[in-house]
Amino acid sequence: MSVYSDLAHEIFTVEFGSDTSVTTFSQISGWFSTNLGLLNNLLYSNFSGSDPSLGEEEKSIFKELYLSNFYTKQARNALRGILSSSNNGDNILSVSDGDNSITFVNRNEVSKVYRGLASDSQIKLKDLIATYNSYKAEPRQLGGIEAGYFSGSGSYYAYPYAYYPGGYL
């Protein structure tokens, strides 16, 4: 299986409990294949192809990126439901007969819950990206003893890591 299929399968079964009323496996897999560039932008990387070689860290960040996007979209859809609410009965939560009580879904609260999930996911995503970029970063220049030094004649002397002119450190 490709990386996209593996990630989609994991999200579909673990996060959504294989519930096709929430989303489908092919929608998740398609999102991954079309948003690889977004992952590249966030990680300063260059993954490409139909089966990129993502490590565990990159997979974790990519999954969190999907969840953040999903929750943001769900919050938007819930708010859209408030603006275009209909009377077709899809928003009835409960009906009771003694004293005639009908309870409707408060779509504003549903939107707030999704917005909270999206916010939490974005915070986790920022932490994952910062940690990844911090630990995967390479030094841009060397300074100190490990870089060697220039002598008065202009010659460059490179010493082993733990060696300096007076002996080993």
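Contact here means heavy atoms within 4.5 Å. By that criterion, residues 24 or more positions apart account for 55% of the contacts in the chain with a separation of 6 or more. The structure is a predicted model: local features need pLDDT of at least 70, side-chain atom pairs count only at pLDDT 80 or more, and totals for chains, interfaces and linings use all residues. Residues are numbered from 1 along each chain as its sequence is written, and side-chain values use heavy atoms, with hydrogens and water left out.

## Overall layout

The chain has 5 helices and 6 strands. Helices (H or I, at least four residues) and strands (E, at least two) are DSSP runs, numbered from the N terminus. Their order from the N terminus is α-α-α-α-β-β-α-β-β-β-β.

Of the 169 residues, 28% count as buried. Buried means under 20% relative accessible area, exposed over 50%, and partly exposed in between (1.4 Å probe, protein chains only). The accessible surface of the chain comes to about 11,400 Å². Carbon and sulfur atoms hold 51% of that surface. Areas come from the Shrake-Rupley method with a 1.4 Å probe; for residues, only the protein chains shown count as cover.

## The nonpolar core

A nonpolar core is a set of buried Ala, Val, Leu, Ile, Met, Phe, Trp, Tyr and Cys residues joined through side-chain atoms within 4.5 Å. The largest one has 26 residues. Ile28, Phe32, Leu39, Phe62 and Tyr66 touch the most other members. Helix 1, helix 2, helix 3, helix 4 and helix 5 each give two or more residues to this core. Helix 4 provides the largest share, 7 residues.

Leucine 39 sits in helix 3 (residues 36-43). Leucine 39 counts as buried because its relative accessibility is 0%. Beyond neighbours within four places in sequence, leucine 39 contacts Ser45, Phe47, Leu54, Glu58, Ile61, Phe62 and Leu65. Leucine 65 is 26 residues from leucine 39 in sequence, with 8.0 Å between their C-alpha atoms.

Asparagine 35 lies between helix 2 (25-34) and helix 3. Asparagine 35 is buried, at 19% relative accessibility. Its side chain reaches the backbone oxygen of tryptophan 31 at 2.9 Å.

## Salt bridges

How many salt bridges does a search of the whole structure find? There are 3. A salt bridge is a side-chain nitrogen of Lys or Arg within 4 Å of a carboxyl oxygen of Asp or Glu.

| Lys | Glu | N to O distance |
|---|---|---|
| Lysine 63 | Glutamate 10 | 2.4 Å |
| Lysine 59 | Glutamate 56 | 3.9 Å |
| Lysine 124 | Glutamate 64 | 3.6 Å |

Lysine 63 forms a salt bridge with glutamate 10. Lysine 63 is in helix 4 (residues 56-83) and glutamate 10 in helix 1 (residues 3-15), so the pair ties together parts 53 residues apart in sequence. Glutamate 10 is partly exposed, with a relative accessible area of 35%.

Glutamate 56 bridges to lysine 59. These two are 3 residues apart in helix 4, so about one helical turn separates them. Glutamate 56 counts as exposed, at 59% relative accessibility.

Lysine 124 meets glutamate 64 through their side chains. This pair links distant parts of the chain: lysine 124 is in helix 5 (residues 107-136) and glutamate 64 in helix 4, 60 residues apart.

Terms used. A polar contact is a pair of N or O atoms within 3.5 Å; within protein, one must be able to donate a hydrogen and the other to accept it, and residues adjacent in sequence count only if both atoms are side-chain atoms.
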